[in-house]
Amino acid sequence: MGRTLKASVAAMPRLSRPDLAIISISGSLMRKLSANPFDIVQPLIERTGGEGYYLPVPYFAESLEERDMFLGQRSVQDLLARARRSDAFVVGIGSIDDDGHLVQRGIIQKEDQDGLMRSSAVSDLMGRFVSIEGAQVPVSLGECAVGLHYEEVRGSRVIALVGGESKADATLAALRTGVITDLIADETLARALKQRLGSSGPVTAALLPRSVQEGK
């Protein structure tokens with residue numbers, strides 16, 4: 001889900017790819033179980049003619065007990081098992097700033113945001129929160145994520161679509177996990193990342209996808 005992902009899909013030409021299976025890898029609902037306006041499965045179905053599979057659970061459960069209840073459902077287990085076998089994963093990267101998707105859409109509350117900031121989290125990657133160093137931050141909200149953990153897609157092709165200079169720290173943190181293989185960014189974000197890398201040295205650059213290192 002996410003604003004950049006939805007905008008990217010909206011800009012796609014129509015394709016005839018009925019062979020595609022498009023599967024949610026994170027919960028596609030809001031925490032109150034209402035529809036998420038930025039879920040991209042349906043728009044991708046419309047653009048490609050592929051078959052879509054929704055994960056009918058919230059992005060974050062209200063508690064660990066609720067998370068376990070959702071993950072215990074056979075239909076959810078079957079969808080996640082199928083998702084793990086995907087050829088490619090397309091993800092957004094979220095920030096916890098006031099203008100970030102999580103805050104703007106009410107996916108997290110003010111107290112959640114305050115707790116994340118105190119914990120040194122700067123990035124949301126598939127519902128888990130990451131510090132600027134690329135380490136997962138152990139916060140209870142991240143434990144309530146319903147969907148694949150980013151470690152479950154490590155070693156696969158993982159394409160991140162991100163836009164906006166305000167996402168620089170969140171993007172850098174997500175890249176430093178070493179999970180993302182391809183980054184698609186707009187010019188403002190690319191310039192902000194280049195500025196940060198320029199002051200970080202070759203060690204940081206070695207942790208990033210080659211496309212970022214080459215300024216593409």
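Let's start with serine 120, which sits in the loop between helix H6 (110-118) and strand E4 (121-125). Helices here are DSSP runs of H or I with at least four residues, strands are runs of E with at least two, and both are numbered from the N terminus. Most residues other than glycine have a negative phi. Serine 120 is partly exposed, because its relative accessible area is 42%; the cut-offs are under 20% for buried, over 50% for exposed and partly exposed in between, with a 1.4 Å probe and protein chains only.

A quick word on what we are looking at. This is a predicted model, where local features need pLDDT of at least 70 and side-chain atom pairs count only at pLDDT 80 or more, while totals for chains, interfaces and linings use all residues. Residues are numbered from 1 along each chain as its sequence is written, and side-chain values use heavy atoms, with hydrogens and water left out.

Now methionine 126, in the loop between E4 and E5. Methionine 126 also has a positive phi, about 55°, although it is not a glycine. Is methionine 126 buried or exposed? It counts as buried, because its relative accessibility is 5%.

That takes us to the core. Methionine 126 is among the residues with the most contacts inside the largest nonpolar core, along with Leu125, Leu148 and Ile180. This core has 37 residues; by nonpolar core I mean buried Ala, Val, Leu, Ile, Met, Phe, Trp, Tyr and Cys residues joined through side-chain atoms within 4.5 Å. Elements giving two or more residues to it include helix H4 (74-84), strand E3 (88-91) and helix H9 (187-198). Helix H8 gives the most, with six residues. There is also a second, separate core of 13 residues, which includes Leu102, Ala121, Phe129 and Leu141.

Threonine 177 is buried, since its relative accessible area is 9%. What does threonine 177 touch, leaving out residues up to four places away in sequence? The answer is Leu125, Val130, Gly134, Tyr150 and Arg154, where a contact is heavy atoms within 4.5 Å. A polar atom of the threonine 177 side chain also lies 2.6 Å from the backbone oxygen of alanine 174.

Over to helix H2 (residues 41-48), whose buried residues are Val41, Pro43, Leu44, Ile45 and Thr48. Their cover includes helix H1 (3-10), strand E1 (21-23) and strand E2 (51-53). After H2 comes glycine 49, with a positive phi near 75°.

Zooming out, the protein chain has eleven helices and seven strands. Buried residues make up 46% of its 216 residues. Of the contacts with a separation of 6 or more, 69% are between residues 24 or more positions apart.

Finally, confidence. The mean pLDDT of the protein chain is 85, with 87% of residues at 70 or more; pLDDT is the predictor's confidence in each residue, from 0 to 100. Confidence is highest in strand E5 (residues 128-131), at 95, and lowest in helix H10 (residues 202-206), at a mean of 39. Over residues 200-207 pLDDT stays under 50, and the model has seven contacts beyond four places in sequence for them. Where pLDDT is low, the predicted coordinates should not be read in detail.

Methods. Polar contact = N/O pair within 3.5 Å; in protein donor to acceptor, adjacent residues only side chain to side chain.
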